[in-house]
Amino acid sequence: MQLNEEIAMKLDQALVDAAIALLEQRFPMAEGIAAALYTDDGQILTSVVFQPEWGGGGLCAETGAICEAVKLDKRITALVCVSRLSGDSPIVILTPCGICQERLFHWGESVVVATPAAQDAPRWIAKTLGEIQPYYWAKAFQE
């Protein structure tokens, strides 16, 4: 499910499917989180959550793909994050957390992210960062 034609071109089911495929590969029949993003040249980069056994050193699922985009000097245009709580749980769409939104704002408020549809988390709606955070703090310094 897409929001509109312009946004739909930036985030599509192929990107969602890439995240789901990684989730299924890396966490077969188990709890897990995976992410996929598009770069401005159409490349898909993926990554998974890092949850170390001890301490709070975990990283969001999006982090690896975001770092890969930076390493490759690529602009991120769209991102999706998927999760499930157990092997028999439905796969749901997760809106990027605040920290990942902050990271994505590096490429501007037009970056598109998948958000869960109201009362139907396995379905997605495309929203720009600007729509998700209309009062983003750094706007105070843009004039």
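**View 1. Strands E5 and E6 pair in the antiparallel sense in this predicted model.** Strand E5 covers residues 112–117 and strand E6 residues 120–128. They are joined over 6 bridges. Together, E5 and E6 form a hairpin, with 2 residues between them. Gln119 sits in the turn and has a positive phi of about 55°. Val113 stands opposite Lys127 of E6.

**View 2. Strand E5 also pairs with strand E3.** These two strands run parallel, joined by 2 bridges. Leu79 has Val113 in E5 as its bridge partner. Val113 also faces Lys127 in E6. Strand E5 is mostly covered: 5 of its 6 residues are buried.

**View 3. Arg84 is a buried residue of strand E3.** Its relative accessible area is 3%. The Arg84 side chain reaches two backbone oxygens. That of Phe27 lies at 2.6 Å. That of Ala30 lies at 2.9 Å. Residues that Arg84 touches include Leu23, Glu24, Pro28, Met29, Glu31 and Gly32. Also among its contacts are Ser89, Pro90 and Ile91.

**View 4. Helix H3 has buried residues covered by strands and a helix.** The helix spans residues 62–71. Glu62, Thr63, Ala65, Ile66 and Ala69 are buried. Their cover includes strands E1 (32–39), E2 (44–48) and E3 (76–84). Helix H4 (98–104) is also part of that cover. Just after H3, Asp73 takes a positive phi of about 55°.

**View 5. Phe105 and Tyr136 form a stacked aromatic pair.** The structure holds 3 aromatic pairs. In the Phe105–Tyr136 pair, the rings lie 3.6 Å apart, centre to centre, with 5° between the planes. Phe105 lies in the loop between H4 and E5, and Tyr136 in the segment after helix H5 (129–132), so the pair ties together parts that are 31 residues apart in sequence. Phe105 is buried at 11% relative accessibility. Tyr136 is buried too, with a relative accessible area of 9%.

**View 6. Trp137 and Phe141 form an edge-to-face aromatic pair.** The centres of these two rings are 6.2 Å apart, and their planes make an angle of 75°. Trp137 is exposed, at 53% relative accessible area. Phe141 is exposed as well, at 67%. Phe105, Tyr136, Trp137 and Phe141 form one aromatic cluster.

Conventions
Residues are numbered from 1 along each chain as its sequence is written. This is a predicted model: local features need pLDDT of at least 70, side-chain atom pairs count only at pLDDT 80 or more; totals for chains, interfaces and linings use all residues. Side-chain values use heavy atoms; hydrogens and water are left out. Buried means under 20% relative accessible area, exposed over 50%, partly exposed in between (1.4 Å probe, protein chains only). Helices (H or I, at least four residues) and strands (E, at least two) are DSSP runs, numbered from the N terminus. Contact means heavy atoms within 4.5 Å. A polar contact is a pair of N or O atoms within 3.5 Å; within protein, one must be able to donate a hydrogen and the other to accept it, and residues adjacent in sequence count only if both atoms are side-chain atoms. Two strands pair if DSSP finds at least two bridges between them. Rings of Phe, Tyr and Trp (its six-membered ring) pair if their centres lie within 6.5 Å; planes under 30 degrees apart count as stacked, over 60 as edge-to-face and the rest as tilted. Lists of a residue's contacts leave out its neighbours within four places in sequence.
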